[in-house]
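Trainee: I would like to go through this model and ask what stands behind each label.
Mentor: Go ahead, and ask for the cut-offs.

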Amino acid sequence: MTIMITRLSAAGLRAHRDELAALLHAVVADGSSLGFLAGLAPADAAAWWDSLLPAVEDGSLALWVSRTGADGPLDGTVSWYRESKPNGRHRAELRKLMVHPDSRGRGTARALLAHAESEAARAGVLLLFLDTETGSGAERVYRSAGWTEAGTIPDYATDPAGRLHPTTLFYKRLPGVRG
C-alpha cells in the first residue's frame, strides 16, 4: 500500500482535529512519551490540537498527516516549528512524529520523517533538531535516518505512567547554502 502524506492548513487541521485527537490518544495509551500522561481524555487531546491553530495559520508550524492508501484512516503525523528569532530562522524543531500503534512497522514513520526533512530543506531550513525518549523506538528511527546524537539529558520527562526517563537530543543538517 502507498503511504499518502498531506500538509494540513489551519482549515485542514480543523477538519481533521478529531482524527488527530484519536491518533494522539492511541499513541499515548500505547505508552509513547509525547508530553502527555496516561488517561489523556479525548477532549484534552482535541484541545491540544486546537492550540496549534495559530501557529499553523501564521505558517510557523508545518503539519503533515499520513494515510495508508488514498482512503485509509489517518495513521500518522509529523510537524516542524520554524524558529522566528532573527538569528535562528535557519533552523526548525521536529515535533510529534507519531504513528498509530496498528500502523507501525509499515514504513510510515520513515516516510513522514523523510517528507518533513525534504519540505524543510525546500523551505530553506538548514538544521532540524528534536528530542526523543532515550531507548524508544523513535530513537532507532532517527538514528537509521542519519540523525546525529547531540547528547542525553537525564530525568528530562516522564512517560505516560509518570516515570522519569532521559531524553536524547538529535540534529540533522540539511542541504542548502550556509553563510
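Trainee: What share of the 179 residues of the chain counts as buried, and what makes a residue buried?
Mentor: Of the 179 residues, 41% count as buried. Buried means under 20% relative accessible area, exposed means over 50%, and partly exposed lies in between, with a 1.4 Å probe and protein chains only. This is a predicted model, where local features need pLDDT of at least 70, side-chain atom pairs count only at pLDDT 80 or more, and totals for chains, interfaces and linings use all residues. Residues are numbered from 1 along each chain as its sequence is written, and side-chain values use heavy atoms, with hydrogens and water left out.

Trainee: Why is Thr108 called buried?
Mentor: Its relative accessible area is 1%, and the limit is under 20%, so Thr108 is buried. Thr108 is part of helix α4, residues 108-122. Helices here are DSSP runs of H or I with at least four residues, strands are runs of E with at least two, and both are numbered from the N terminus.

Trainee: Which residues does Thr108 touch?
Mentor: Leaving aside residues up to four places away in sequence, Thr108 touches Ile3, Ser66, Thr68, Asp75, Val99 and Ser103. Contact means heavy atoms within 4.5 Å.

Trainee: Why is Asp18 called exposed, and what is Asp44 called?
Mentor: Asp18 has 53% relative accessibility, so it counts as exposed. Asp44, at 48%, is therefore partly exposed. Asp18 is in helix α1, while Asp44 lies in helix α2. For Asp44 and Ala21, 23 residues apart along the chain, the C-alpha separation is 8.3 Å.

Trainee: How do you know that the buried residues of α2 are on the same side?
Mentor: The buried residues of α2, residues 42-51, are Ala45, Ala46, Trp48 and Trp49. They cover an arc of only 155° around the axis, so they are on the same side of α2. The arc is that of the directions from the helix axis to the C-beta atoms. These buried residues pack against α1 (10-29), α3 (53-58), β2 (61-68), β3 (74-82) and β4 (91-99).

Trainee: What is said of phi in Lys96 and Asp155?
Mentor: Lys96 has a positive phi of about 50° although it is not a glycine. In Asp155, also not a glycine, phi is positive and near 50°. Lys96 is in strand β4, and Asp155 is in strand β6, residues 148-158. At 25% relative accessibility, Lys96 counts as partly exposed.

Trainee: How many helices and strands does the chain have, and what makes it as compact as a globular protein of that length?
Mentor: The chain has five helices and seven strands. Its radius of gyration is 16 Å, close to the 16 Å from the globule rule for 179 residues, so the chain is as compact as a globular protein of that length. The radius is taken over C-alpha atoms, and the rule is 2.2 Å times the number of residues to the power 0.38.

Trainee: What part of the contacts with a separation of 6 or more comes from residues 24 or more positions apart?
Mentor: Such residues account for 60% of those contacts in the chain.
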